Amino acid sequence: TKEKMDKTARVFQEITPLLSEDCFFIINRIKDNFTYPVHAHPEFELNYIENAKGAKRIVGNSSEEIDDLELCLIGSESLEHAWVMHNCSSKDIHEITIQFRKENFLDGLLDKKQFQTIATLLHNAQQGVAFSRLATENAKDRIKRLCDQSNGFFSVIEFLLILYELSNDKDSRILSSRPTHLQTSDKLGCQRIQQALKYLEEHFSEAIKLSDVAHSIGMTEISFSRFIKKRTGKTYIEFLNDIRLSVALRNLLDTNKPIADISRDCGFNNLSNFNRMFKRKKGCTPSKFRENYVKMRILV
């Protein structure tokens, strides 16, 4: 229906700086307002918030006022979510957001019996999971330690402990009653997506043709074009541009390179197009993104 199409158009499709070699991405900030619009992204997101009593959490068709402590896990590319001020008057909101892809470092573990509770948690996160106050209290120090952890290996161990403890929270709640219609991926399909992603991450700065990627994973152009649309909901060009934007985000965070150089190095030959696409995807210009996030992010 037109109403549903209009609603989908209002949901930002967020691009994150996570690449295939990353385990997770942390943003740690103190702020006086919730300004990010309703959005969705394929990455899992664990969001911890304190001192924002009265704010509203929107996850799918769930809308609830939160208390002074909040911990929530989102895990679906089609599950829109946001936090808005609502009745919150705090000017000292502490928010820690951890974004991760399970295929980056969890896929080989989730079918093991020791990880069964975590696998169940990640499945439930397709509709959003809110954790109990007790579980949030128990997890908050570990989550804060992640922001100060200098050793990436121990950060990953700490993060696994957080997921394990949260997966045993008997009082956690599934938030959205609306199914998210995730594509069920067969093993071959998952492998092909990973192969295509690897190829594009190695060649994103070049003028990559559809045929180049298709041939690299043993598919015809037509088959690959249909395959990528079915698996990701994106055209080949949209999929490629999202990868280029992810790399551009990393460069904005990790380097002092001029934005024009980053645009060119990431395969965008037109700076104006890059700026326009970046603002549409992230809600701000590249320079504003760098200014806002460079001092409060950690990539592991």
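What is the volume of the second largest pocket? The second largest pocket has a volume of about 620 Å³.

## Basis

This is a predicted model, in which local features need pLDDT of at least 70 and side-chain atom pairs pLDDT 80 or more, while totals for chains, interfaces and linings use all residues. Residues are numbered from 1 along each chain as its sequence is written, and side-chain values use heavy atoms, without hydrogens and water.

## Second largest pocket

A pocket is an open set of points on a 1 Å grid over the protein atoms alone where a 1.4 Å probe fits, with protein on both sides within 12 Å along at least five of seven lines; lining residues have an atom within 4 Å of a point. Its volume is the space filled by probe spheres set on the points, which are joined across faces, edges and corners.

Of the 30 lining residues, Arg-29, Lys-31, Thr-35, Tyr-36 and Tyr-293 are the closest to the centre. Strand β2 (24-31) is among the elements that give two or more residues to the lining, and the largest share, five residues, comes from β2; strands are DSSP runs of E with at least two residues, and helices runs of H or I with at least four.

## Aromatic pairs

The structure holds nine aromatic pairs, defined by ring centres within 6.5 Å, with planes under 30 degrees apart counted as stacked, over 60 as edge-to-face and the rest as tilted. Phe-268 and Phe-274 form a tilted pair, 5.2 Å centre to centre with 45° between the planes.

The pair of Phe-278 and Phe-289 is edge-to-face because the planes lie at 75°, with the centres 5.7 Å apart. Phe-278 belongs to helix α11 (residues 271-282) and Phe-289 to helix α12, eleven residues apart.

Note on methods. Phe/Tyr/Trp six-rings, centres within 6.5 Å; stacked < 30°, edge-to-face > 60°.
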